[in-house]
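Reader: Please take me through the labels used for this model and the cut-offs behind them.

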Amino acid sequence: MSTKNSGTGGFSDEERAAIKARALELKNESSRGKRNKKASEELDLLDKIQSMSDSDRVVAERLHAIVTATAPELSPKLWYGQPAYARDGKVVCFFRSGDTDKQRYSTFGFSPEAALDDSSGLWPTSYAVTELSAAAEKTIVALVKKAMA
């Protein structure tokens with residue numbers, strides 16, 4: 001993220017935007033009825049993807065297709081203003097736009113809810129993404145399956 005802005009308590013502009021986005025998400029979640037919540041959250045996610053830069057949008061659309069096909073039990077939603085996929089309301093995996101974070105790459109990551117633990121005691125929880133090759137897509141499918149185990 002960008003450098004800290006000392007006049008705002010140490011948060012960067014991007015961090016403050018993410019905090020505000022999360023507060024709005026929580027407000028929207030509490031105001032929606034149970035029946036419409038899942039559909040509304042997916043529409044919010046799809047709107048967010050459509051608002052992304054061309055390079056991030058292509059990756060986010062493909063990731064959305066991969067995750068929803070691989071783990072249909074996950075519910076698409078926004079998390080800190082970015083696409084995420086949750087089980088029982090808890091985020092399992094997410095996409096972070098590199099453009100939003102002013103980074104040279106985007107990130108596909110997993111929360112502690114994902115079952116990615118490795119017996120070695122060391123495992124990655126996020127991956128840099130600039131494009132999705134066939135090999136990258138295969139890796140993502142395997143990771144999402146493992147996360148849901």
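Author: What follows sets computed values against the definitions of the terms.

Author: This is a predicted model, in which local features need pLDDT of at least 70 and side-chain atom pairs count only at pLDDT 80 or more, while totals for chains, interfaces and linings use all residues. Residues are numbered from 1 along each chain as its sequence is written, and side-chain values use heavy atoms, with hydrogens and water left out.

Reader: Why is Gln-82 called buried?

Author: Buried means under 20% relative accessible area, exposed over 50%, and partly exposed in between (1.4 Å probe, protein chains only). Gln-82 has a relative accessible area of 2%, so Gln-82 is buried. Gln-82 is found in strand E2, residues 82–87; strands (E, at least two residues) and helices (H or I, at least four) are DSSP runs, numbered from the N terminus.

Reader: What makes the pair of Asp-54 and Arg-57 a salt bridge?

Author: The term requires a side-chain nitrogen of Lys or Arg within 4 Å of a carboxyl oxygen of Asp or Glu. For the side chains of Asp-54 and Arg-57 the N to O distance is 2.7 Å, so the pair meets the definition. Both residues lie in helix H3, three residues apart, about one turn of the helix. Asp-54 has 52% relative accessibility and therefore counts as exposed.

Reader: Which residue forms a salt bridge with Arg-62?

Author: Glu-137 does, with the closest N and O atoms 3.1 Å apart. Arg-62 lies in helix H3 and Glu-137 in helix H5, so the pair ties together parts that are 75 residues apart in sequence. At a relative accessible area of 36%, Arg-62 is partly exposed.

Reader: Are Arg-96 and Asp-101 buried or exposed?

Author: Arg-96 is buried, with a relative accessible area of 15%, and Asp-101 counts as buried at 9% relative accessibility. Their side chains meet in a salt bridge, 2.5 Å from N to O. The structure holds three salt bridges.

Reader: How do you know that the span of H3 agrees with what it should be?

Author: The expected span is 1.5 Å times one less than the number of residues in the helix. The 17 residues of H3 should span 24 Å, and its end C-alpha atoms are 24 Å apart, which agrees.

Reader: Which residues touch the most other members of the largest nonpolar core?

Author: A nonpolar core is a set of buried Ala, Val, Leu, Ile, Met, Phe, Trp, Tyr and Cys residues joined through side-chain atoms within 4.5 Å. Among the 26 residues of the largest one, Leu-74, Phe-108, Phe-110 and Val-144 touch the most other members. H3 supplies the largest share of this core, five residues.
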